[in-house]
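Let's walk through this model together, starting with its charged side chains and ending with one of its helices.

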Amino acid sequence: MNLLRNVVPLKNSTRSIWGSLNAIFNRVSKSRIDLVGPDRACAEWLMRNGAFVRWKGQPGLVSHYNFLPLDPEDKNPYFIEEISAVEASISHHGFDHFKGCNCILKIQFQKCWYLDDTCLKKLELLANSLIHLEIDQCTEITNQGLLHITSLSNLLTLKLGHLDGVKNLQESVKQINAKLPNCHIMPPSL
């Protein structure tokens with residue numbers, strides 16, 4: 001007797017399970033931030049979701065928890081200066097981790113499937129520090145989301161790759177350039 005014969009698979013059940021887990025892995029814990037400081041808590045969030053960080057004054061990216069600062073009592077011995085998120089599962093649920101991270105100069109988002117317009121809106125938390133931003137192959141970004149980048153007043157370099165959700169990249173680049181005239185925008189071939 002086949003017990004699975006009458007089982008009907010749920011539509012999009014796999015996606016909803018992963019979406020739920022993603023929300024959990026991206027959750028912001030105020031108590032953790034209070035305990036270890038914003039940069040350490042942010043680094044933990046990023047690494048938990050597959051991204052790497054480079055501390056200010058350090059030569060390379062930190063790729064494993066074992067290389068994070070050990071002393072939770074020393075709340076900000078290290079400051080995040082660079083983030084490399086390639087195929088990372090970071091989502092808008094966790095972008096509030098950027099509050100209080102005042103030294104982040106450079107972020108690379110590549111193939112981040114959960115990166116969406118809401119994430120780009122929340123990047124305004126880094127408006128005072130972020131000078132280089134790269135977004136490539138993030139399919140959930142739209143023209144509207146790209147316009148949120150204009151809140152990053154110190155941005156000097158914006159590198160855009162293939163963004164399938166952006167229907168008129170040339171127009172978005174034009175609008176960003178009008179608001180951020182000092183920013184060098186490198187789009188893919190238009």
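Predicted model: local features only at pLDDT ≥ 70, side-chain atom pairs only at ≥ 80, totals over all residues.

A salt bridge here is a side-chain nitrogen of Lys or Arg within 4 Å of a carboxyl oxygen of Asp or Glu. By this rule there are eight salt bridges. Numbering runs from 1 along each chain as its sequence is written, and side-chain values use heavy atoms, without hydrogens and water. Mean pLDDT for the protein chain is 88.

Start with arginine 40 and glutamate 44, whose closest N and O atoms are 2.6 Å apart in a salt bridge. They sit four residues apart in helix α3 (residues 38–48), so about one helical turn separates them. Helices (H or I, at least four residues) and strands (E, at least two) are DSSP runs, numbered from the N terminus.

Next, glutamate 82 forms a salt bridge with arginine 54 at 2.8 Å between the closest N and O atoms. This pair links distant parts of the chain, with glutamate 82 in strand β2 (residues 80–86) and arginine 54 in strand β1 (residues 52–55). Glutamate 82 also meets lysine 106 in a salt bridge (3.9 Å, N to O). Arg54, Glu81, Glu82 and Lys106 are linked in a network of salt bridges.

Finally, look at helix α6 (residues 169–179), where Leu169, Ser172, Val173 and Ile176 are buried (under 20% relative accessible area; exposed is over 50%, partly exposed in between, with a 1.4 Å probe and protein chains only). Seen down the axis of α6, these buried residues fall within an arc of 100°, so they line one face of the helix; the arc is that of the directions from the helix axis to the C-beta atoms. The face turned away from the buried side of α6 carries the exposed residues Gln170, Lys174 and Ala178.

Conventions. pLDDT = per-residue confidence, 0-100.
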